[in-house]
Structures are given as structure tokens and as C-alpha cells.
Amino acid sequence: MAASMLCRRTAVLQRISSLKTILSANSHIGFLLQTASYNPKPLKLNISGPYIPDKDSEKTPEWQKTTRFDKKLFGRYGSASGIDPASLWPSGEQLDKMIEEEKQWHPTLEVMLENVAAKEKQETEKRLAKEKLIAANMAKMPKLVADWRREKRETKQKLKDEKAQRAKLLAEARERFGYAVDPRSPKFLEMVAEIEKENKKKQKLMKRRLKEEQTAAPITPPAAAAS
């Protein structure tokens with residue numbers, strides 16, 4: 001009994017599968033028949049003459065209203081385009097602009113040669129100026145070297161004198177106070193200020209005496225000196 005039930009179920013499934021195959025084939029054939037029977041309406045195109053856009057119409061694109069598009073139409077259809085060739089010629093202002101651009105980006109051979117000559121002249125002047133500067137600096141080199149060596153000697157002597165003066169002041173401070181004094185201490189700084197003050201007084205006094213001696217010296221007349 002179980003075997004008979006299984007056989008009946010298998011037979012039912014086979015019938016359902018065959019029905020699905022038949023339906024699928026019928027739907028595909030129906031789609032092909034519908035596509036083959038489609039008859040669209042013909043487009044209403046005016047191809048008997050050239051296409052000339054209506055510039056007064058709002059439906060006409062803006063790029064079809066430009067002079068550039070008119071040039072294309074005239075180049076393709078000629079006088080049949082209904083375009084006046086004089087309207088395609090650039091205006092005086094446009095011609096001047098085109099001439100200036102031509103001169104700037106495409107100069108003549110004469111202008112190019114003049115530019116090359118001017119550039120070569122500028123480079124030559126620059127090179128000569130540089131050579132002149134080098135020659136002048138080389139001429140100054142011995143004096144510059146001598147000045148550098150002199151400044152170096154003077155700096156070295158100045159450091160040596162300052163070192164000797166410092167040692168002299170330290171020795172004088174040791175002799176005055178009886179012990180070694182720190183050069184940063186207030187006592188040492190006060191002593192240095194006092195010594196500097198005394199030296200300034202001595203120098204001022206020497207200048208005054210020298211001036212008095214020069215004033216007191218008799219002036220010999222030239223005639224007396226000659227005799």
C-alpha cells in the first residue's frame with residue numbers, strides 16, 4: 001500500500017512539472033508575438049532641407065543661437081543656411097584683440113630675433129658686471145687680508161693687555177687688603193672704580209699742563225728764524 005501511494009505521488013509531481021514547462025513556453029511565445037506585432041508611429045522629421053533653428057523660439061537651445069553655431073551652419077550648407085556671411089566676420093574690436101594675441105603668442109621672425117639679441121645683450125652685460133665685481137674684489141683682497149691680520153693682532157694684544165691689567169689689579173688688591181680678593185666682590189669693584197677715577201684725574205691734569213705749556217711758549221717770527 002505504501003508503494004502504491006509513492007507511485008501516485010510521483011505521477012502527480014511529473015504532471016505538475018510538465019504543466020509548468022508548457023506554460024513557460026507559451027508565455028515566451030506570447031511575448032515574441034507581441035514584440036513582432038508592435039508598430040510605432042513614424043517620427044515627424046523635416047529632412048527635406050537643412051535644419052535652421054528658430055532663434056526667436058524659446059524652445060531653441062541657447063548654444064544654437066550663437067555665432068559659433070551660425071558659422072557651422074554656413075560652413076555646412078552655405079547660402080542655403082540663410083546666414084549673412086558678413087555677420088560671421090569679427091568686429092573691429094575682436095580683430096584688434098586677435099592681432100594682439102597673435103603678436104603675443106606668435107611673434108614674427110624679426111621680433112623673435114630682436115628678443116634673442118636683447119636677451120644675449122642682457123646676459124653679456126650681467127656677465128661683464130659680475131667679472132668687474134670679481135676683479136674689484138680681487139684687487140681689494142691684499143688690503144682686506146692685511147686689515148684682517150691687523151685686527152686679529154690688535155684683538156690679541158687687547159686681550160693680553162686686559163689680562164695683564166686684571167692681574168695688576170688683583171695684585172694691588174692683595175697688597176691693599178692683605179689677602180686674595182674675589183674679582184666679583186664689592187670691595188674689588190669699588191677699588192677698580194676708585195683707581196679709574198684717579199687715572200681720569202691724572203689724564204685731565206696732564207692735558208691741562210700740556211695746554212698751558214703750549215700757550216706759554218714764545219712764537220718765533222719767520223724772519224727771525226730765517227736769519
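Ser-81 is buried, its relative accessible area being 5%, where buried stands for under 20% relative accessible area, exposed for over 50% and partly exposed for what lies in between, with a 1.4 Å probe and protein chains only. The model is a predicted one, in which local features need pLDDT of at least 70 and side-chain atom pairs count only at pLDDT 80 or more, whereas totals for chains, interfaces and linings use all residues. Residues are numbered from 1 along each chain as its sequence is written, and side-chain values use heavy atoms, with hydrogens and water left out.

Ser-81 sits in the loop between α2 and α3, the helices (H or I, at least four residues) and strands (E, at least two) being DSSP runs numbered from the N terminus. Leaving aside neighbours within four places in sequence, Ser-81 is in contact with Ile-52, Leu-73 and Phe-74, contact meaning heavy atoms within 4.5 Å. Pro-50 is 31 residues away from Ser-81 along the chain, yet the C-alpha atoms of these two residues are separated by 6.9 Å.

## The chain as a whole

The chain has seven helices and zero strands, and along the sequence it reads α-α-α-α-α-α-α. Of its 227 residues, 8% are buried. Among contacts between residues at least 6 apart in sequence, 11% join residues at least 24 apart. The accessible surface of the chain comes to about 21,600 Å², and carbon and sulfur atoms account for 60% of this area; accessible areas come from the Shrake-Rupley method with a 1.4 Å probe, and for residues only the protein chains shown count as cover.

## Helix α2

Helix α2 spans residues 67-77, and its buried residues are Phe-69, Asp-70 and Leu-73. Seen down the axis of α2, these buried residues fall within an arc of 100°, so they line one face of the helix; the arc is that of the directions from the helix axis to the C-beta atoms. On the other side of α2, Arg-68, Lys-72 and Gly-75 are exposed.

Part of the cover over the buried residues of α2 comes from α3 (85-88). Leu-73, one of the buried residues of α2, is also among the contacts of Ser-81. Just after α2, Gly-78 takes a positive phi of about 70°.

Not counting residues up to four places away in sequence, Ile-195 touches Leu-169 and Glu-172.

## Salt bridges

The chain contains seven salt bridges, each defined by a side-chain nitrogen of Lys or Arg within 4 Å of a carboxyl oxygen of Asp or Glu. One of them joins Lys-65 to Glu-62, with the closest N and O atoms 3.7 Å apart. Lys-65 counts as partly exposed at 25% relative accessibility, whereas Glu-62 is exposed, with a relative accessible area of 58%.

In helix α5, Asp-147 and Lys-143 lie four residues apart, about one turn of the helix, and they form a salt bridge whose closest N and O atoms are 3.0 Å apart. Asp-147 also forms a salt bridge with Arg-150, where the corresponding distance is 3.7 Å; these two residues lie three residues apart in α5, again about one turn of the helix. Lys-143 is exposed, with a relative accessible area of 57%, while Arg-150 is partly exposed at 35%. Lys-143, Asp-147, Arg-150 and Glu-154 are linked in a network of salt bridges.

## A nonpolar surface patch

Ile-134, Met-138, Met-141, Leu-144 and Val-145 make a nonpolar surface patch of about 440 Å². Patches consist of residues with over 30% relative accessible area and no salt bridge, like charges being joined within 9 Å and nonpolar side chains (Val, Leu, Ile, Met, Phe, Trp, Tyr) within 5 Å. Met-141, one of the patch residues, is placed in helix α5 (residues 109-177) and is partly exposed, with a relative accessible area of 37%.
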